[in-house]
Amino acid sequence: MTAVEHLPQTATLSPILKQATPVIVDHAQGSWVYGTDGQSYLDFTTGIGVTSTGHCHPRVVAAAQEQCAKVIHAQYTTVMHPPLLELTAKLGGVLPLGLDSVFYANSGSEAVEAAIRLARMATARPNIVVFQGGFHGRTVAAASLTTAGTRFSAGFSPLMGGVHMAPFPYAYRYGWDTETAVDFALTELDYLLTSRVAPDDTAAFLIEPVLGDGGYLPTPPRFLAGLRERADRHGILLILDEVQAGFGRTGRFWGHQHAPISPDILITAKGLASGFPISAIAAPTELMTKAWPGSQGGTYGGNAVAAAAAIATLDVIAEENLVDNAAIRGEQLLTGIREVTTGLDAVGDVRGLGLMIGIEFVTRVGDRCMPDAATALAVQRATTAHGLLTLTCGPAGNVVRLIPALVVTADEIALGIERFGAAVHSVLGA
């Protein structure tokens with residue numbers, strides 16, 4: 001058999017990967033991205049909520065550089081390294097009381113899967129209840145838990161079993177006030193537990209404090225309290241997916257802290273290390289010890305450089321009062337976006353918590369409002385042309401989301417509002 005001669009070829013990125021903007025980044029700093037085209041862009045995407053302390057914060061850069069010169073990869077089930085021990089100690093100061101044991105992975109999806117694996121092992125129950133519009137990842141199990149759009153779970157069935165969905169209190173979609181929507185969603189959850197998913201067979205409720213890809217919808221505090229009460233009553237674990245809403249983004253350190261509750265398991269990733277890949281779950285030690293031996297691990301989990309960057313991120317958030325800044329600047333952004341969209345029939349709802357703002361675009365048909373993905377996409381593209389980077393989300397793709405860095409200034413928020421308003425009016429001709 002003769003060897004096959006390989007001719008030179010050029011590799012390309014998968015054609016399925018689509019950029020939301022045409023920007024190719026040369027460098028970035030703080031709230032700004034600078035393209036190879038010589039243009040500067042105000043970044044209200046932050047890598048989908050990842051660069052929490054802004055692009056290339058000097059403290060984060062220095063921490064990563066210093067760690068790179070010491071050790072880059074020290075596999076944490078083989079040897080331990082100081083950054084992971086220090087990070088764990090620092091997380092203890094911000095985690096909800098009682099959640100004193102941490103497991104690290106690389107991505108949100110991995111952390112989600114670790115959380116449901118722990119819940120099932122600890123309770124010896126098979127079922128997980130998720131809520132309509134939730135996004136929990138793209139790996140098979142995480143995608144099985146995701147209901148923010150069929151594109152995340154279609155085409156590779158069968159999905160993981162034991163997943164059941166209950167309604168989310170999406171007041172705008174139903175045309176109700178928030179209290180009515182909460183009453184409805186809790187009633188339907190009770191009906192699900194009566195008619196389909198026995199509480200004694202249910203390991204956990206899994207929910208985001210603010211729906212991410214599902215449309216930037218804050219979960220009403222009374223709904224979270226209702227879940228906590230039902231979880232306690234039935235011995236079900238409450239898992240909060242704080243991958244996007246955590247680390248100060250909502251104006252509280254954790255998104256669920258707008259409600260008087262605490263989870264049994266908390267999931268964090270995205271903003272944890274200002275752009276370096278690391279994720280974690282936290283739970284009480286007593287609960288974490290119920291995971292089966294060998295069920296937690298991973299080659300790259302808790303990477304030393306990522307851990308060092310996460311330590312610096314925590315320090316910057318604390319020392320620069322970025323949680324308070326997120327609350328103040330978030331209120332400025334929400335108010336400003338409502339002002340520049342007032343009177344536009346195509347804008348159905350403007351909502352958010354802290355620096356998670358969603359603008360829902362609709363077409364009005366009689367007394368009904370139908371999702372308008374085409375207008376949302378046109379506005380998102382127009383914002384890029386006006387020097388503002390934004391993204392879309394929502395099951396129908398009809399929500400434009402704004403995700404500034406926690407370091408964003410009042411002047412940058414004002415400029416973002418101005419540019420967003422100009423983009424909207426350029427699309428709608430208003």
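A disulfide is counted here when a pair of cysteine sulfur atoms lies within 2.5 Å. The structure is a predicted model, in which local features need pLDDT of at least 70 and side-chain atom pairs count only at pLDDT 80 or more, while totals for chains, interfaces and linings use all residues. Residues are numbered from 1 along each chain as its sequence is written, and side-chain values use heavy atoms, with hydrogens and water left out.

We can begin with the cysteines. A disulfide is a covalent bond between the sulfur atoms of two cysteines. A search of the whole structure finds zero disulfides. The sulfur of Cys68 has its closest cysteine sulfur in Cys56, at 13 Å, and is therefore too far away for a bond. Cys68 is partly exposed, with a relative accessible area of 39%, and Cys56 is also partly exposed, at 45%; here buried means under 20% relative accessible area, exposed means over 50%, and partly exposed lies in between, with a 1.4 Å probe and protein chains only.

On a 1 Å grid over the protein atoms alone, a pocket is an open set of points with protein on both sides within 12 Å along at least five of seven lines, a cavity is a set where a 1.4 Å probe fits but cannot get out, and lining residues have an atom within 4 Å of a point. The largest pocket has a volume of about 1,300 Å³, where volume is the space filled by probe spheres set on the points, which are joined across faces, edges and corners. Of the 40 residues that line this pocket, those closest to its centre are Ile48, Arg138, Phe152, Asp213 and Arg401. Two or more lining residues come from each of α1 (46-49), α4 (108-123), α12 (373-385) and β17 (391-393), and α12 gives the most, with four residues; these helices (H or I, at least four residues) and strands (E, at least two) are DSSP runs numbered from the N terminus.

Among the residues that line the largest cavity are Leu91, Trp254 and Thr268. Strands β11 (265-268) and β12 (279-283) each supply at least two residues of this lining, and the largest share, three residues, comes from β12.

Finally, we turn to the loop between α5 (140-144) and β6 (163-166), where Phe156 lies. Pro158 is found in the loop between α5 and β6 too, and the peptide bond from Ser157 to Pro158 is cis, with omega near 10°. Phe156 is partly exposed, with a relative accessible area of 32%.
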